Amino acid sequence: MLSDAQEKYQSIGNQQGVANCQWSLGDVYRKQEGYDEAITLFLRAKDQFQSIGNQKWAAWSLQHLGMTYRLQAQYDKAKETFELALPL
């Protein structure tokens, strides 16, 4: 369902909607322990949010990306990612 919404947002040029869908899908994958998919989606969402100037949600994407790394016991990557979110 979210993938359908993402495609519709993309077709009408609503980049905020696309980013929201990517973030939401990433959150679902993270909660279902689909960490590789979650990482990809959080990175896409972060880039999309940054491209439209939404720094708050870019930072939120990095926060959730860091949490995903932490869940995988990739503590160095988690720390780096959390630090990237700080200035945003």
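Trainee: How many aromatic pairs does a search of the whole structure find?
Mentor: The search finds 4 aromatic pairs. Rings of Phe, Tyr and Trp (its six-membered ring) pair if their centres lie within 6.5 Å. This is a predicted model, where local features need pLDDT of at least 70, side-chain atom pairs count only at pLDDT 80 or more, and totals for chains, interfaces and linings use all residues. Residues are numbered from 1 along each chain as its sequence is written, and side-chain values use heavy atoms, with hydrogens and water left out.

Trainee: Take Phe49 and Trp57. Stacked, tilted or edge-to-face?
Mentor: Phe49 and Trp57 are tilted, at 5.9 Å centre to centre and 40 degrees between the planes. Planes under 30 degrees apart count as stacked, over 60 as edge-to-face and the rest as tilted.

Trainee: Is Phe49 buried or exposed? And Trp57, what about that one?
Mentor: Phe49 is buried, at 0% relative accessible area. Trp57 is partly exposed, at 29%. Buried means under 20% relative accessible area, exposed over 50%, partly exposed in between (1.4 Å probe, protein chains only).

Trainee: Which residues form the aromatic cluster?
Mentor: Trp23, Phe42, Phe49, Trp57 and Trp60 form one cluster.

Trainee: New topic. Where is Ala19, and what does Ala19 touch?
Mentor: Ala19 is in helix H2, residues 15–31. Helices are DSSP runs (H or I, at least four residues), numbered from the N terminus. Leaving out residues up to four places away in sequence, Ala19 touches Ala45, Gln48 and Phe49. Contact means heavy atoms within 4.5 Å.

Trainee: How far apart are Ala19 and Gln48?
Mentor: They are 29 residues apart in sequence and 5.5 Å apart in space, C-alpha to C-alpha. Ala19 counts as buried, at 0% relative accessibility.

Trainee: And Leu41, buried or exposed?
Mentor: Leu41 is buried, with a relative accessible area of 10%. Leu41 sits in helix H3, residues 35–51. Neighbours within four places aside, Leu41 contacts Gln22, Leu25, Gly26 and Tyr29.

Trainee: Switching to helices H4 and H5. At what angle do the axes cross?
Mentor: The axes of H4 (residues 55–71) and H5 (residues 75–85) cross at roughly 170 degrees and come within 8 Å. Axes are lines fitted to C-alpha atoms, for helices over the stretch in contact, with angles from 0 to 180 degrees between N-to-C directions.

How values were computed:
Helix = DSSP H or I, 4+ residues; strand = E, 2+ residues; numbered from the N terminus.
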